Amino acid sequence: MTSVQVLSEPLELPCGAVMPNRLVKAPMEQVLGKFLGGKPNAELLRLYAAWAAARWGMIITGNVGVDRRYIGLMFDIVFPDPGKAAQQAAYREAFVRWARVCKGQAADDATEAVPASAGTRPLAIVQIVHCGRQSTRGAGRPPWVPAVAPSAVPMRTDGKQTLSDKLLFGTPKALTTDEVHDVIARFVRGAVFCAETGFDGIELHAAHGYLLSSFLSPLTNQRTDAYGGSAENRFRIVREIVEQTRERVPKSFAIGVKLNSSDYVQGGLTEEDALQNVRWLAESGQVDFVEVSGGTYEKPAMFAEADAPKQSARSHRREGFFASFAKRVHQVLPAGSKMRIIVTGGFRSRAGMAQAVRDDAIDGIGLGRPAALNPALPVQVLDAQIPDEDERASAPDWKVPPPPACMPKIPLVGAGWGSLWHSAQLHRTAYGERTAPDISLLHFLRGLKVFRD
Ligand SMILES: Cc1cc2nc3c(=O)[nH]c(=O)nc-3n(C[C@H](O)[C@H](O)[C@H](O)COP(=O)(O)O)c2cc1C
């Protein structure tokens with residue numbers, strides 16, 4: 001089979017939803033919500049319309065917060081607060097419109113969407129998050145109120161708690177067992193909200209050091225109740241969210257989980273732990289897909305610089321930061337498991353993506369930064385008329401400019417700058433402009449929405 005044929009093959013999830021091809025728009029925080037957390041708005045919809053028109057097999061949204069007190073940046077999309085009827089109604093309407101757009105419809109087209117099982121449109125999946133100890137100071141709460149985490153373990157971005165860790169994050173407060181139950185209920189409510197507003201599924205964000213990921217890690221989870229201690233106990237919060245969500249959503253609704261293959265910090269989650277977590281999810285029989293990533297704010301492996309497509313072709317290096325882990329995953333899945341494995345990070349060329357599907361048995365290829373630079377990437381990658389060697393068959397060959405001199409020279413800020421620069425590209429599409437490699441920090445700041453949803 002040619003690379004285009006490999007990537008164009010539809011993929012059925014256990015819930016019956018069908019991805020029309022193997023290309024997944026990876027979750028990217030859009031930073032387009034209102035200050036301190038807002039609902040989907042016109043700019044967000046314009047961005048998703050661009051992706052939906054471009055034949056992505058699955059569109060995973062940027063993370064949506066289950067608790068606006070603990071968001072990542074100050075401009076995230078969040079779920080409505082429990083018990084606020086007017087807010088609930090306004091958010092419900094906004095999410096309905098967002099779901100339609102992700103599925104390729106107009107926002108106010110109330111006709112029933114083509115079913116997810118038809119395999120003719122992108123699957124619309126919402127990523128759900130609680131940022132835990134990585135919720136920056138003041139992101140949803142007064143700056144002196146600490147974030148929450150499994151245990152009161154401060155961020156240590158350089159192997160120790162630096163001044164910037166203290167200023168940006170502080171030391172989190174350990175959740176009580178009752179508060180853990182509240183977090184579980186919030187995730188389940190968020191998932192049900194997505195099902196009710198027309199999305200095809202959800203993805204729990206249990207990677208990159210956010211709250212669920214920090215429960216899985218022995219370094220950040222030092223609890224002595226049922227949610228800490230053994231690997232099984234550390235996994236319990238994810239298991240309970242999955243089980244309780246499955247009980248409350250239709251069988252046809254997809255549940256996915258984004259997991260780290262490793263935290264890449266001493267004492268953190270290892271590959272062996274990660275394989276065990278994947279095995280447990282597969283054994284539950286309730287999960288449709290796992291998206292494999294890796295790293296945390298303390299060691300941002302997910303934001304590593306990938307080889308440019310031409311470079312990787314020349315060096316014959318395998319693409320995909322976590323592809324070798326995905327190969328190991330297949331060895332531990334129970335026989336007959338239909339849980340699908342998506343891998344995100346570092347894929348840049350059509351040939352490299354197809355090789356990963358063929359040789360590493362990866363089911364779906366997640367693309368983050370390339371989807372920010374070129375929202376219509378699948379149109380070219382899946383075009384059989386364009387040869388593999390043609391640069392149009394690959395992600396755009398770009399380089400993030402160095403951070404402005406005023407930014408502190410630490411790895412977290414370096415990764416954060418790269419992320420902001422890509423968010424600025426998302427802003428350009430959201431505001432109806434073409435993406436452009438030569439934009440500045442000012443461009444990102446201009447895209448922020450302080451007062452209006
Ligand atoms: C601007 C930006 C925002 C991101 N936001 C999220 C997010 O909300 N959730 C998530 O799981 N990953 C997020 N990521 C990470 C991507 O999903 C992906 O794992 C990472 O970019 C590596 O893939 P790539 O090499 O294809 O870009 C973000 C990445 C970027 C560039």
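Let me start with the cysteine C102, whose sulfur lies 10 Å from the closest cysteine sulfur, that of C194, which is too far for a bond. What we are looking at is a predicted model, in which local features need pLDDT of at least 70 and side-chain atom pairs count only at pLDDT 80 or more, while totals for chains, interfaces and linings use all residues. Residues are numbered from 1 along each chain as its sequence is written, and side-chain values use heavy atoms, with hydrogens and water left out.

C131 has its closest cysteine sulfur in C194 as well, at 15 Å, again too far for a bond. A search of the whole structure finds zero disulfides, a disulfide being a pair of cysteine sulfur atoms within 2.5 Å. C102 is buried, with a relative accessible area of 0%, and C131 is buried too, at 1%, where buried means under 20% relative accessible area, exposed over 50% and partly exposed in between, using a 1.4 Å probe and protein chains only.

Now to a pair of helices. Helix 7 covers residues 231–248 and helix 8 covers residues 271–284, and their axes come within 11 Å and cross at roughly 50°. That makes helix 7 oblique to helix 8, since angles under 35 degrees count as roughly parallel, over 145 as roughly antiparallel, 65 to 115 as roughly perpendicular, and the rest as oblique. Axes here are lines fitted to C-alpha atoms, for helices over the stretch in contact, with angles running from 0 to 180 degrees between N-to-C directions, and helices are DSSP runs of H or I with at least four residues, numbered from the N terminus.

Which residues meet in this contact? From helix 7 they are A231, E232, F235, V238 and R239, and from helix 8 they are N277, W280 and L281, with contact meaning heavy atoms within 4.5 Å.

Conventions:
Helix = DSSP H or I, 4+ residues; strand = E, 2+ residues; numbered from the N terminus.
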